[in-house]
Amino acid sequence: MGNKKDWQRTVECGALRSAQVGETVTVNGWANSVRDHGGVTFIDLRDRTGLVQIVVDPTRNATSEEAHLAAQTVRSEFCLSIRGTVSARVPGAENPNLATGEIEIKAARIEILNPCRTLPFQIDQDQAGTNEELRLKYRYLDLRRPSMYEKLRLRHEAVRLIRAALYEQGFLEIETPILTKGTPEGAREYLVPYRLQPGLFYVLPQAPQQFKQLLMVSGVERYFQIAKCFRDEAQRADRQPEFTQLDLEMSFATQEDILNLVEALMVQVIEALSEKQIPQPFVRLTYDEAMARYGSDKPDLRFGLELVDCAHILQNTGFAVFQNILSSGGQVKAIRYPGGAKLARSQMDELVTLSKEFGAKGLAYFLVDDEGNASRGPVAKFLSNEEKAAIVAAASAEPGDLVGFIADTPATTAKVLDRLRRLIGERLGLADRNTLACCWITDFPVFEKDEETGGWTYAHNPFSMPNEGHMALIDTDPEAMRAQTYDLVCNGVEWASGSVRIHKPDIQTAILRKLGLDDAQIEARFGHMLQAFEHGAPPHAGIAPGLDRLVMFLTDDENIREVIAFPKMGGGFDPLMNAPSPIEAYQLAELGLQITPKPDGEKKV
RNA sequence: GGAGGUGUAGCUCAGUCGGUUAGAGCGCCGCCCUGUCAAGGCGGAGGCCGCGGGUCCGAGCCCCGUCAUCUCCGCCA
């Protein structure tokens, strides 16, 4: 206490109430706004706890001449120390919009800790209208806005709750290397040249996957980490080149253990930090069910509009287009567009155009009339009355609805109908913004066909344990194999992904061979994992929810940059630090690197 | 890699059918003002209309190219 400087605050701005009237206090903060009336001047002083009004009135109180002169030079965002007396506002001058609106501080002394030059943008207004590149360039100013501070605080609280809950359950928080080795395939990786032996590179981790499994072999049993992950892929509104996952792994655990743990943890965090409705228990769907009913492995369950498989209804149809698709292994599935019969012809045409953009050959549809009959629309005349009635019933279509059909391969049918379903849901406002509809998607395929090479590629994660008995299918019907895998999906967004891991070297080797790796490649890339599995590796399972996504749910942001303190722009460029940037010639020489200039001149900077 | 949107004052934006001197609000600067809280009044400064080319008597506006940025597809778990 004796070390305290006289400019240092004794109270925080937002904490002051009528109870403190009469006290002499010192506050520190920034001038949120200044209102100079010639004689009396008001300053709204802001710190992270809120605003308090400062009155500078040389005729009415102990305000010194210096304080009055200082107040006249104060501009927006000056950093100030102010000492004064907490006073009740004059009757009628209270501000009910301010938590501290009953009182004000009559300034005796004003110290300008640091002035502020003219701002590049106004920070006492909502950030929504400001050019984002400018916000990122001056991120330190952008983050002064209370709404941005609140996002930082929510993120902090989420992490704090997660840590507390996992500590409580015996999890160890362990850091794993950032300079490491890549996992083949998957996302493009960030590379760091190795100076001591030019030509070698570290790889930044896409996730701590292998390390956390090795920690299980180590006997840690319960591991977690708030882990930075790196992927050198194209950006999206909800993707950053570096992002954060809650990475966790448990030994001697089943899928059920992981699902229960994560479900309880996420519900706890959401309920503690938001008013969102989060229905429980989370819906569970297998991958096959999800694809059949929603055409997606990450369905938005805030609304229905389930897809209707018309195969049975149309098995003897006279409509050649549908018949040909069905007899060649394709699907005919329908989706209901509530009230869609009222759409203008141009809007219906737009649906057809969009379907084609999504990959379908077209969109067939009929309209349901007031009597519940499918009397109009392009396919109405090609289907029998019995067929139409059965489809109307199966889709629960009502008078005034449009029923659209996609007839194509199962993959294309799913993809297009998923898009249409989301489009309809969005247009009709079916998704309640205040609800977080979570579901577990389980039992993903182990392999899927690689259309380019004709070989097999992993569908989920090459370390995932196939379902019991499914290894028997690896030579006969690998496409039918399912694994002990699970994704947590919320409002159509993939939130977490995990699996029971393979802990047996023979199974892991068989899977890798099926993926087309020869024994030499397996040894080079996964030798250390297989060797670890040969040393008494325990059964283990894990998962990794996206932390940025969690915060986006809390803040209702659709843009991941809003919930990261210092994010990067679209190309991975950081306009605040000006990174990436060129390095010195000697640094390149040390690394044994030579830059080949792009033929067509310079970009940027 | 592809598609679409945007680019005009420090910020957010308007700018008609291509027409002579490019506007508004906020911010900034100056003066006035004793109760405001988005303070108010008066005055002022501030523009490579992203950049390059073209069409035209004439381009912020039309055409071509290019750069930046945002969103989506591809990609990415």
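Is Arg46 buried or exposed, and what is its relative accessibility? Here are my notes on this and a few other things.

1. **What you are looking at.** This is a predicted model, where local features need pLDDT of at least 70, side-chain atom pairs count only at pLDDT 80 or more, and totals for chains, interfaces and linings use all residues. Residues are numbered from 1 along each chain as its sequence is written, chains are lettered from A and ligands numbered from 1 in the order in which they are written, and side-chain values use heavy atoms, with hydrogens and water left out.

2. **Arg46 and its partner.** To answer the opening question, Arg46 counts as buried, at 6% relative accessibility. (Buried means under 20% relative accessible area, exposed over 50%, and partly exposed in between, using a 1.4 Å probe and protein chains only.) The side chain of Arg46 meets that of Glu77 in a salt bridge, 3.0 Å from N to O; a salt bridge here is a side-chain nitrogen of Lys or Arg within 4 Å of a carboxyl oxygen of Asp or Glu. Arg46 sits in strand E2 and Glu77 in the loop between helix H1 (65–73) and strand E4 (79–88), so this pair links distant parts of the chain, 31 residues apart. Glu77 is buried too, with a relative accessible area of 2%.

3. **How the elements are named.** Helices (H or I, at least four residues) and strands (E, at least two) are DSSP runs, numbered from the N terminus.

4. **A longer reach.** Arg155 forms a salt bridge with Asp548, with the closest N and O atoms 2.9 Å apart. Arg155 lies in helix H4 (residues 146–168) and Asp548 in helix H14 (residues 547–555), so the pair ties together parts that are 393 residues apart in sequence. Arg155 is buried at 15% relative accessible area, and Asp548 is buried at 3%.

5. Lys228 belongs to strand E9 (residues 222–230) and Glu242 to strand E10 (residues 242–251), so parts 14 residues apart in sequence are tied together. Lys228 counts as partly exposed at 39% relative accessibility, and Glu242 does as well at 23%.

6. **The overall tally.** A search of the whole structure turns up 38 salt bridges.

7. **Around the RNA.** There are 52 residues around RNA strand B, and Ala93, Gln122, Asn131, Glu233 and Ala459 come nearest. (A residue is near a strand if one of its heavy atoms lies within 4 Å of it.) By class, this surface has 11 nonpolar, 19 polar and 22 charged residues. Ala, Val, Leu, Ile, Met, Phe, Trp, Tyr, Cys and Pro count as nonpolar, Asp, Glu, Lys and Arg as charged, and the others, Gly among them, as polar.

8. A polar backbone atom of Asn131 is 2.6 Å from a phosphate oxygen of RNA strand B. Arg236 instead uses a side-chain N or O atom, 2.7 Å from a base oxygen of RNA strand B.

Methods
Polar contact = N/O pair within 3.5 Å; in protein donor to acceptor, adjacent residues only side chain to side chain.
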